[in-house]
Amino acid sequence: MWRRAASLSPFISSSGSLIRNHQTAYNLKIWESFTTEIPTQVKGGKGPFICFVLGGPGSGKGTQCAKIVKNYGLTHLSAGELLRREIASNSEYGTTILNTIKEGKIVPSEVTVSLIQKEMESSDSKKFLIDGFPRSEENRAAFERIMGAEPDIVLFFDCPEEEMVNRVLNRNEGRVDDNIDTVRKRLQVFKALNLPVINYYARRGKLYTINAVGTVDEIFEQVRAVFAALKLVTE
């Protein structure tokens with residue numbers, strides 16, 4: 001179980017501010033409503049194993065995450081699912097999240113990080129598969145600053161835009177953001193904001209690019225090749 005530290009002040013300082021100009025008050029209000037205390041590394045000085053899973057809408061991340069969980073025993077945390085759960089709660093901030101998603105914009109980093117944080121705090125697992133986050137450099141910086149940890153590896157499911165659009169429109173899951181206009185907006189935002197994150201982790205030697213075209217099993221064979229060398233996650 002996570003240990004906790006009491007103070008938030010180091011993470012919301014003038015020198016490390018995550019939010020600028022008119023967004024500051026809004027985002028900090030949301031942050032305060034979600035956050036509990038900041039987790040530090042688990043006892044013994046070693047934090048959990050963290051794998052980020054990145055890819056555009058319809059890239060097949062969710063399907064592959066299910067297979068990773070089955071084969072390697074990681075705990076799957078979907079940023080999108082956590083946000084949708086908050087929307088379904090009909091809370092004030094759920095409505096705000098819904099409107100943000102409808103506009104094809106990124107939900108404030110503090111909101112998503114705090115939802116992920118709560119899930120990790122409540123879990124006895126030390127191996128996490130975090131799906132769909134971070135989607136921007138601000139997301140990445142917020143996670144690493146607030147959680148005090150970096151991912152061990154990052155999987156990027158690389159899929160052509162038209163393939164992703166077709167998959168999203170054909171999956172018929174009844175999601176509010178599964179329409180052509182919103183999907184196009186989401187893809188534009190993804191391409192604009194995700195590339196710096198991908199490049200950052202590539203420079204740090206943590207990025208593994210998966211060709212996300214093919215059958216589910218064909219794609220998973222690429223994933224399996226990555227995890228085969230990571231004895232840590234199967235122990």
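Predicted model: local features only at pLDDT ≥ 70, side-chain atom pairs only at ≥ 80, totals over all residues.
**Overall make-up**

The chain contains 9 helices and 7 strands. Of its 235 residues, 46% are buried. Among contacts in the chain with a separation of 6 or more, 81% are accounted for by residues 24 or more positions apart.

**Helices H2 and H9**

Two packed helices are described by the angle between their axes and the distance between the axes. Helix H2 spans residues 61–72 and helix H9 spans residues 216–228; their axes come within 10 Å and cross at roughly 50°. On the H2 side, the contact is made by Thr 63, Gln 64, Lys 67, Ile 68, Asn 71 and Tyr 72. H9 contributes Val 216, Asp 217, Ile 219, Phe 220, Val 223, Arg 224, Phe 227 and Ala 228. By residue class, this contact of H2 with H9 divides into 8 nonpolar, 3 polar and 3 charged residues.

**Lys 206**

Lys 206 sits in the loop between helix H8 (180–203) and strand S7 (207–211). Is Lys 206 buried or exposed? Its relative accessibility is 17%, and buried means under 20%, so Lys 206 counts as buried. When neighbours within four places in sequence are left aside, Lys 206 is in contact with Glu 150, Pro 151, Asp 152, Ile 153 and Val 154, and also with Tyr 201.

**Annotated binding-site positions**

An unreviewed UniProt entry places the feature "binding site" at Arg 84, Lys 105, Ile 106, Val 107, Gly 132, Phe 133, Pro 134, Arg 135, Arg 175 and Arg 186. Among them, Arg 84 belongs to helix H3 (residues 79–88), while Lys 105 lies in the loop between helix H4 (92–102) and helix H5 (109–121). Exposed means over 50% relative accessible area; Lys 105, at 52%, is therefore exposed. Arg 84 has a relative accessible area of 27%, which lies between the 20% and 50% cut-offs, so Arg 84 is partly exposed.

| Residue | Relative accessible area | Class |
|---|---|---|
| Lys 206 | 17% | buried |
| Arg 84 | 27% | partly exposed |
| Lys 105 | 52% | exposed |

Technical notes:
Residues numbered from 1 in each chain as written. Heavy atoms only, no water. Axes fitted to C-alpha atoms, helices over the stretch in contact; angles between N-to-C directions. Helix = DSSP H or I, 4+ residues; strand = E, 2+ residues; numbered from the N terminus. Contact = heavy atoms within 4.5 Å. Nonpolar A, V, L, I, M, F, W, Y, C, P; charged D, E, K, R; others polar. Buried < 20%, exposed > 50% of the residue type's maximum accessible area, 1.4 Å probe, protein only. UniProt positions renumbered as here; feature names shortened; annotations may be inferred.
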